[in-house]
Amino acid sequence: MDSLKKNIAQFKSLLHGTGIKLIAVSKTQPVSALQAAYQEGVRIFGENKVQEMAAKYEALPKDIEWHMIGHLQTNKVKVIAPFVAMIHSVDSLKLLQEINKRAEQNGRVISCLLQVHIAEEETKFGLSEAELFALLRDPQLLQLQHVCIKGLMGMATNSPNEDKVRREFWKLKDLFNQIGSEFEGDNLDFSELSMGMSNDFHLAMKEGTTMIRIGSLLFGERD
Ligand SMILES: *Cc1c(COP(=O)(O)O)cnc(C)c1O
């Protein structure tokens with residue numbers, strides 16, 4: 001736990017004054033590890049499984065912001081709708097409509113990011129550029145009063161080629177700027193760009209990220 005304390009302190013000082021938020025990616029970690037991070041002032045946790053997030057929400061203080069960063073199935077939205085602070089992994093209108101419905105039932109507006117596929121790998125989720133613009137232009141989007149689309153999320157290729165990773169982040173930032181200036185709507189408030197993980201956050205910071213999602217560099221390698 002001493003290393004956790006040290007790791008958190010290092011990220012805090014790195015991010016100090018930048019306005020960049022640290023999402024502590026706590027997936028697979030026991031509640032005790034989140035408690036220890038909470039003691040060090042961490043208030044934003046990222047999880048990728050609905051049941052795991054709900055169980056941790058129950059067990060931990062209520063001033064924590066819970067961010068869903070993993071692929072989300074429509075039939076599971078209802079489990080996290082009462083408390084989730086932000087969903088980073090929105091990749092369809094259908095999912096957005098379900099989030100809207102469940103947010104309304106809970107008297108809430110849920111912040112969402114649209115996940116864009118920027119990596120080379122086939123396996124990573126997310127919208128293509130064409131799908132992203134089709135979603136933003138869909139008139140049904142404007143009817144969703146219980147979601148607020150705050151920006152974009154992306155995962156770069158897992159590669160030691162820094163130029164390649166930077167280009168992918170640059171591309172996401174470029175899309176973010178373009179959408180922010182071209183699209184308007186009551187439920188659109190483009191202000192957040194979620195990019196950068198343990199192995200590439202330093203590149204994401206150079207390319208203008210506003211939220212870095214860090215797991216292993218805080219908590220240690222996962223099994
Ligand atoms: C696991 C995960 C992270 C954190 O990964 P680390 O390499 O451990 O920092 C970030 N984003 C997403 C979407 C993840 O699933």
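Q: Where is Met197 found?
A: Met197 is in the loop between β7 and α8 (201-206). Helices (H or I, at least four residues) and strands (E, at least two) are DSSP runs, numbered from the N terminus.

Q: Before we go on, what kind of model is this?
A: This is a predicted model: local features need pLDDT of at least 70, side-chain atom pairs count only at pLDDT 80 or more, and totals for chains, interfaces and linings use all residues. Residues are numbered from 1 along each chain as its sequence is written, and side-chain values use heavy atoms, with hydrogens and water left out.

Q: Back to Met197. How accessible is Met197?
A: Met197 is partly exposed, at a relative accessible area of 30%. Buried means under 20% relative accessible area, exposed over 50%, and partly exposed in between (1.4 Å probe, protein chains only).

Q: Which residues are around the ligand?
A: Met197 is one of them. A residue counts as near if one of its heavy atoms lies within 4 Å of the molecule.

Q: How does that shell split by class?
A: Five residues are nonpolar, three polar and three charged. Ala, Val, Leu, Ile, Met, Phe, Trp, Tyr, Cys and Pro count as nonpolar, Asp, Glu, Lys and Arg as charged, and the others, Gly among them, as polar.

Q: What is the distance from a ligand oxygen to the Ser198 side chain?
A: A ligand oxygen is 2.5 Å from an N or O atom in the Ser198 side chain. For Lys27, a ligand oxygen is 2.7 Å from a side-chain N or O atom. With Arg213, a ligand nitrogen is 2.9 Å from a side-chain N or O atom.

Q: How much of the ligand does the protein bury?
A: The protein buries 90% of the 390 Å² that the ligand exposes when taken alone. Accessible areas come from the Shrake-Rupley method with a 1.4 Å probe; for residues, only the protein chains shown count as cover.

Q: Switching to Glu192. Buried or exposed?
A: Glu192 counts as buried because its relative accessibility is 11%. Glu192 lies in strand β7 (residues 188-195).

Q: What does the Glu192 side chain contact?
A: The side chain of Thr210, through a polar contact at 2.6 Å. A polar contact is a pair of N or O atoms within 3.5 Å; within protein, one must be able to donate a hydrogen and the other to accept it, and residues adjacent in sequence count only if both atoms are side-chain atoms.

Q: What about Thr28, buried or exposed?
A: Thr28 is exposed, with a relative accessible area of 52%. Thr28 is in the loop between β1 (21-25) and α2 (31-39). Its phi is near 70°, a positive value in a residue other than glycine.

Q: Where is Phe219?
A: Phe219 is in helix α9 (residues 216-219). At 16% relative accessibility, Phe219 counts as buried. The C-alpha atoms of Phe219 and Leu4 are separated by 5.9 Å, while the two residues are 215 apart along the chain.

Q: Last one. Which strand holds Gly46?
A: Gly46 is in strand β2 (residues 44-47). Gly46 is buried, at 0% relative accessibility. Gly46 and His88 are 9.4 Å apart, C-alpha to C-alpha, and 42 residues apart in sequence.
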